Structure formats: structure tokens, C-alpha cells
Amino acid sequence: MKVSNQNNQTVPFTTLAPLYERHNEEYDQAALRVLRSGWYIMGPELEAFEKEFATYTNSSCCIGVNSGLDALTLSLRALGIGQGDEVIVQANTYIATVLAITENGAKPVFVEPDEFYGINVDLVEGAITRNTKAIMAVHLYGQSCDMDPLTAISKQHGIPVIEDCAQSHGATYKGKMTGTFGMCGCFSFYPTKNLGAFGDAGALITNDTDLADKLKTLRNYGSKIKYRNEITGVNSRLDELQAALLRVRLKHLDEILAERENIAQAYLKGINNPRICLPQIRGDASHTWHQFVVQCENRNALQAWLQERGIQTQIHYPIPPHLSEAYARLKYTKGAFPITEHLADTVLSLPLYFGMAPEDIQYVIDTINEFRP
Ligand SMILES: *Cc1c(COP(=O)(O)O)cnc(C)c1O
């Protein structure tokens, strides 16, 4: 069988090299500036990135940390959430969202997603108990959750919303940036994210200056003044090298998102195989296409069909957190969250990356349209 596109090459699921290559001189200069400065942790690059990312997201404070998981974990810790507390979270998310809850000793209370893969807001009130201390909204795949009704529930019950923005950099809901609706927004800059660093990095944004102050203390051993430790904190800092490189990437984020949008539009227009369900787009939000996720009842056959023809795909995510080995102690069995579990069996993420060649995009479309299980 001919396993190729016109160039006789595999279409990878993703590749990061073009992101560097398109602006390599700017990245080189930023890295050299840090290497030559002799200052590598908590310096002017971090301060500048925090300012620039706060401006980009239209929020008043940004706090750089070591990863997206740390951003999520510290957000709950800063709000004093721990043992005996419950946190409502959608069942279909990356396990990091749930780890942030259990890491603090709190209990995840899962709810099913809506048709846009975000938390189903209609199910949230039914999950609230007297122990509920936070609601986590995951803007999965780059599209915002339904924030207006969620914010209304949050206000009515006095329960803060924490936004997992690890996949939604630059994504908006009714024109407002994700991460600015709740108490805080938690970002990951893991290299494959739409705003990616060259290593691990993360950040929180918030308009609450007291919370920002607490987070800044927490991330640096619980101290603002060296060797004066007010609280028991952690070591979770965004280093100068990553901050300097992220400043360059942030400058080009809109260009990156525009290119992803073009590829997504080509898929939406071109894919017409009735066996494939295309992603649904909210009318009131932008989609930044961290993942382009289709659904197919013969998902495994589709994935194999594409693989045989040189097209790599991924599944986000094949095992929902409530069924993962790591959470066996929560004692969930199959059937607990049927919508989420059905998604785990039917979703497939297509290749979509900055610098993807037009002929590769067309090859993916044609190969999917030819699919017969
Ligand atoms: C990537 C991701 C995280 C974790 O980010 P890291 O920087 O890898 O720790 C958390 N939540 C979601 C939804 C993610 O996609």
C-alpha cells in the first residue's frame, strides 16, 4: 500500500521546530541575553513576562510558576482548600486538573461535559454540597466553557471558579479572555501548548491582588523577604530563560493562533465523511484549536486507517481520570460518567501545527474522507 502524501512523507501529529525556525533570531537573542546577564531566577525577564501576559489577557496580575499543574495546585492552596473540601470538576479533562485537587487533600466531584467538551453548567448546581469550595472549568481543546451561567452560579453560592486555561491561551468568551472570569486562570506553557516554552513553565492570572500576593509568596518557599518564611510554600518559579523565550513567543501568539485557525477552517470545510463528527463551535466564543478533536464510532479503525497512510493522530484522552489506575481508591466503575467514557472511546485529535504544509492538510482531509471502516 502507498503510505504517503505527495512528498512521500509522514504527517506527524505535531512538530515544534517551525515555531522556533520562523523567528529563530529573536529566540537566540533572548536566550543569549539571559545567559550573559548572570541572573537566572526571579529577575527582570520574569517581571517583564508577567506584565506582558497580564496585559495580553487583560488581567491585573500574573504570577509565573513552574508548570500548569503547579498553577492549578497553588490556586487551590492559596484559597485554603484542602482536607474535607470538595471541588467540582468536569470528568473529561487531563488528569493534571484532578491531581491539583487531590494533591491538596480535597475530593474531586466530577460532572459530565456539554457538547462543546466544557463543563456542563446545568449539572453544577446539583453537585454542590456544603463542602464544595471551588468549581474548576477546563477550557478543553482551546474553547471556553459557558462562563456566564457558571459565573452566576458561583456568585449565587459564593463558591469561586478556577479556570484551567492550559489549553486556551488567547481564547475568548463574549470577547473576554479565558482566565479572567473566575477567581484566577491557570496556564501551562508546556512546549506543545499554543503558548509554549522551551521546557516546563506555567502561570496564574487574577484581578485579586491579595490572592496574587499569596501566590507570589507560596511559589517562593513561602517567603517574600529572603529567609523570612510567613507560610509553608514550595519551589515553583518560572526561570529567566523560559520567561525571556516566552516573551518572544507571546509576541507571535496571535500569528500562531491565526495559522491554527486557518488549518481548522480547512478541516471544517473539507472533511465531509458522514462517519466523522466535527467539533462543535460555540457561537459566543473563539476557538483557539489547541486540539482539533473529531468523533467517530469506529475511532480505533479510523486511527489505524490514518496511521497506515502515514498520518499520526492522538487521543485526548483515552482513560478518563475517574477510571485511571491512579484513582482506583475513589472506587468508580465503568458507567459512572457515560458521556465522558463514550468520548474516551470515540474522540480523535488530528494533526494541527504551526508550519503545517497545505498539501499535508489536504492529504489529511482526503484520507479521512476516503475512510471506510
Ligand atoms: C497541560 C495541561 C495541564 C498541565 O500543565 P503542565 O504544564 O504540563 O503541568 C493541566 N490541565 C490541562 C487541561 C492541560 O492540558
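## The ligand and its neighbours

In this predicted model, a polar backbone atom of Leu 69 sits 2.8 Å from an oxygen atom of the ligand. Gly 68 also has a polar backbone atom 2.8 Å from a ligand oxygen, while Asp 164 uses a polar side-chain atom, 2.8 Å from a nitrogen of the ligand. (A polar contact here is a pair of N or O atoms within 3.5 Å.) On its own the ligand has 380 Å² of accessible area, and the protein covers 91% of that; these areas come from the Shrake-Rupley method with a 1.4 Å probe.

Zoom out a bit and you'll find 14 residues around the ligand, where being near takes a heavy atom within 4 Å. Among the closest are Gln 167, Ser 188 and Lys 193.

## Two packed helices

Now look at H4 (residues 68-78) and H5 (residues 95-103): they pack at about 35 degrees, with axes 8 Å apart. Axes are lines fitted to C-alpha atoms over the stretch in contact, and angles run from 0 to 180 degrees between N-to-C directions. Helices are DSSP runs of H or I with at least four residues, and strands are E runs of at least two.

On the H4 side, Leu 69, Leu 72, Thr 73 and Leu 76 make the contact, meaning heavy atoms within 4.5 Å. Their partners in H5 include Ala 96, Leu 99 and Ile 101.

His 316 and Tyr 317 are joined by a cis peptide bond, with omega about 10 degrees. Tyr 317 belongs to the loop between H11 (299-308) and H12 (338-346).

Tyr 141 isn't a glycine, yet its phi is positive, about 70 degrees. Look for Tyr 141 between strand E4 (132-138) and helix H7 (147-157), in the loop.

Residues are numbered from 1 along each chain as its sequence is written, and side-chain values use heavy atoms, leaving out hydrogens and water. Local features need pLDDT of at least 70 and side-chain atom pairs count only at pLDDT 80 or more, while totals for chains, interfaces and linings use all residues.

Technical notes:
Polar contact = N/O pair within 3.5 Å; in protein donor to acceptor, adjacent residues only side chain to side chain.
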